[in-house]
Amino acid sequence: PLTPEQPLPALSPDWLQALYVAALLCDDLAISTLLAQLPPEAGSIKSRLKAENEALRLDQIATFAQSLWQQQQGGDIDGGDIDIDAVTQLPTFELG
């Protein structure tokens, strides 16, 4: 299982929430976009998260985000009203 490594750069609460929600929504494109935002010093965990995303092990990514949230913020992560498109800066396409 993925576990937060030390030292891992502090990640913003919005980024962690977006990663968590993207994993719950099975949005591998949003996860890829979020991973591209990680700083170079997060190379090892970025590679591991990328591999999990490519294997569609999104449950592992959600668990990782929850674990890291608990370390950095305390308590349980809440997807709440997070706007994944805003965090990942993906364009929104409407059908119809």
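Predicted model: local features only at pLDDT ≥ 70, side-chain atom pairs only at ≥ 80, totals over all residues.
## Overall make-up

The protein chain has 96 residues, of which 41% count as buried. Among the contacts in the chain with a separation of 6 or more, 71% are accounted for by residues 24 or more positions apart.

## The nonpolar core

The largest nonpolar core has 25 residues, and the members that touch the most other members are Trp-15, Leu-16, Leu-19, Ile-31 and Ile-61. Helices α1 (13-24), α2 (28-36), α3 and α4 each supply at least two residues of this core, with the largest share, eight residues, coming from α1.

## Helices α3 and α4

Helix α3, which covers residues 43-54, packs against helix α4, which covers residues 58-72, at an angle of about 140°, and the axes of the two helices lie 8 Å apart. The crossing that α3 and α4 make is left-handed. On the α3 side the residues of the contact are Ile-45, Leu-49, Glu-52 and Asn-53, and these meet Leu-58, Gln-60, Ile-61 and Phe-64 on the α4 side. Sorted by class, this contact of α3 with α4 has five nonpolar, two polar and one charged residues.

Asn-53, which has its place in helix α3, deserves a separate look. Asn-53 counts as buried because its relative accessible area is 5%, and the cut-off for a buried residue is under 20%. Leaving aside residues up to four places away in sequence, Asn-53 touches Asp-28, Ile-31, Ser-32, Leu-58 and Ile-61.

## Two loop residues with positive phi

Cys-26 is found in the loop between α1 and α2, and its phi is positive, at about 55°, although Cys-26 is not a glycine. With a relative accessible area of 54%, Cys-26 is exposed, because a residue over 50% is placed in that class.

Leu-56 lies in the loop between α3 and α4, and here too phi is positive, at about 60°, although Leu-56 is not a glycine. The relative accessible area of Leu-56 is 55%, so this residue is likewise exposed.

## The salt bridge

A search of the whole structure finds one salt bridge. In a salt bridge with an N to O distance of 3.0 Å, the side chain of Arg-57 meets that of Asp-59.

## Ser-67 and Ile-77

Ser-67 has its place in helix α4. The relative accessible area of Ser-67 is 24%, so this residue counts as partly exposed. Between Ser-67 and Ile-77 there are 8.8 Å in space, taken from C-alpha to C-alpha, and the two residues are 10 residues apart in sequence.

How values were computed:
Residues numbered from 1 in each chain as written. Heavy atoms only, no water. Axes fitted to C-alpha atoms, helices over the stretch in contact; angles between N-to-C directions. Helix = DSSP H or I, 4+ residues; strand = E, 2+ residues; numbered from the N terminus. Left-handed = near helix turned anticlockwise from the far one by under 90°. Contact = heavy atoms within 4.5 Å. Nonpolar A, V, L, I, M, F, W, Y, C, P; charged D, E, K, R; others polar. Salt bridge = Lys/Arg side-chain N within 4 Å of Asp/Glu carboxyl O. Core = buried A, V, L, I, M, F, W, Y, C linked by side-chain atoms within 4.5 Å. Buried < 20%, exposed > 50% of the residue type's maximum accessible area, 1.4 Å probe, protein only.
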